[in-house]
Amino acid sequence: DNVEWSEEQEANARSKVQENSSQLLPQDKQEEYEVNANRYWDDFYKIHENGFFKDRHWLFTEFPELAPNRNPSQNEVSGCKCGCKEESNNEGLGSCENGHCSLETRAENQLNIVGSTSEFCTQQPAHQKHREPNPSNGDYPGSSATYRILEVGCGAGNTVFPILQTNNDPGLFVYCCDFSTIAVGLVQSNAEYDSSRCFAFVHDLCNDQSPFPMPEESLDIVILIFVLSAILPEKMQCVVTRLSRLLKPGGMILLRDYGRYDLAQLRFKKGQCLSDNFYVRGDGTRVYFFTQDELDDLFTTAGLEKIQNLVDRRLQVNRGKQMTMYRVWIQCKYRKPLPLSPEE
């Protein structure tokens, strides 16, 4: 945990990135990946369903804001407590399918997803089938809740369900959305899905005309776990700014994502680079690798103040294959400022 890199190691990583970035995909191919982004993610979840990523029970160590009996003083934590379990036990490169090197592989306590894609339509909650939420007049799911969380890019529910299982706060309501219709269907068809505590919906973050089911300044927490990196870099600022408007004063965005020179970035081959530090995987999904300063600029430009912005470097050893792997993640917490009092 928190491995220090030598100058030589960083230079070698920089050299690998320069090499795999030397040949960019043609513009027409890049446009195709942008236009068909939802299809590539739908295909990903059709293939893997809930079997690729494992439940993120480390969330409550790194982000105590998600746990019951929240202690506001914990929001000021500035260091990673090493509770992040993105990796499986030394299974390493075996989980890097098509460039998805999150190492969030199948775990023993995998969520129990039931049904199939053909059942998604019939298992949607009644409030999704029969009426559209109207946030402007207070008619929206979770309107009576006292603590509201939105997870963006929920996938098959590996963040949402641990929160619902762990946090028994009666005032809690969790929203979750994903670009992929298949992913949202997996969440809705899960035996743990409870429409009285959770609302799952399809949403295109990059479409500023795509409505949210809740009004602005209604959320306490927005979660972005390995999500922002999948968005076209030119659209990231608009996405972060739009999400920040959903936060109550004092509300926070919690982020964990890929850092520059992570194993996944170094393993890309020539011809997979779209632009600086932005790549397309073998399955058509895309990924960006951040620096701390880039993320800080995105969040502060959106009017948020920094609570935490740290690099988490990990050394993982696959003893079976006698391989060492260096992971680089960035973890952030940014808060919407409270209004100034009259005397201030």
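Which strand does Q308 lie in? Keep that one in mind as you look around; note that this is a predicted model.

1. Start with Q308 itself. You'll find Q308 in strand β9, which runs over residues 305–318. Is Q308 buried or exposed? With a relative accessible area of 2%, Q308 counts as buried, because the cut-off for buried is under 20%. Its side chain has a partner, too: the side chain of Q308 makes a polar contact with the side chain of Q331, at 3.1 Å.

2. Now hop over to helix α1, residues 7–20. This helix has 14 residues, and from its first C-alpha to its last α1 reaches 20 Å. That is close to the 20 Å you'd expect at 1.5 Å a residue.

3. Have a look at which way α1 faces. Its buried residues are Q9, A13, V17 and N20. These residues cover an arc of only 75 degrees around the axis, so they sit on the same side of α1.

4. Three strands form an open sheet in the order β6-β7-β8, and the pairing is antiparallel. The edge strands are β6 (273–275) and β8 (286–288), each of which pairs on one side only. From one strand to the next, the twist averages 30 degrees.

5. Finally, zoom in on one pair from that sheet. β6 and β7 (residues 278–280) pair in the antiparallel sense over two bridges. Which residue in β7 does C273 stand opposite? Look for Y279 there.

Methods. Residues are numbered from 1 along each chain as its sequence is written. This is a predicted model: local features need pLDDT of at least 70, side-chain atom pairs count only at pLDDT 80 or more; totals for chains, interfaces and linings use all residues. Side-chain values use heavy atoms; hydrogens and water are left out. Helices (H or I, at least four residues) and strands (E, at least two) are DSSP runs, numbered from the N terminus. Buried means under 20% relative accessible area, exposed over 50%, partly exposed in between (1.4 Å probe, protein chains only). A polar contact is a pair of N or O atoms within 3.5 Å; within protein, one must be able to donate a hydrogen and the other to accept it, and residues adjacent in sequence count only if both atoms are side-chain atoms. Two strands pair if DSSP finds at least two bridges between them. Axes are lines fitted to C-alpha atoms, for helices over the stretch in contact, and angles run from 0 to 180 degrees between N-to-C directions. The expected span of a helix is 1.5 Å times one less than its number of residues. The arc is that of the directions from the helix axis to the C-beta atoms.
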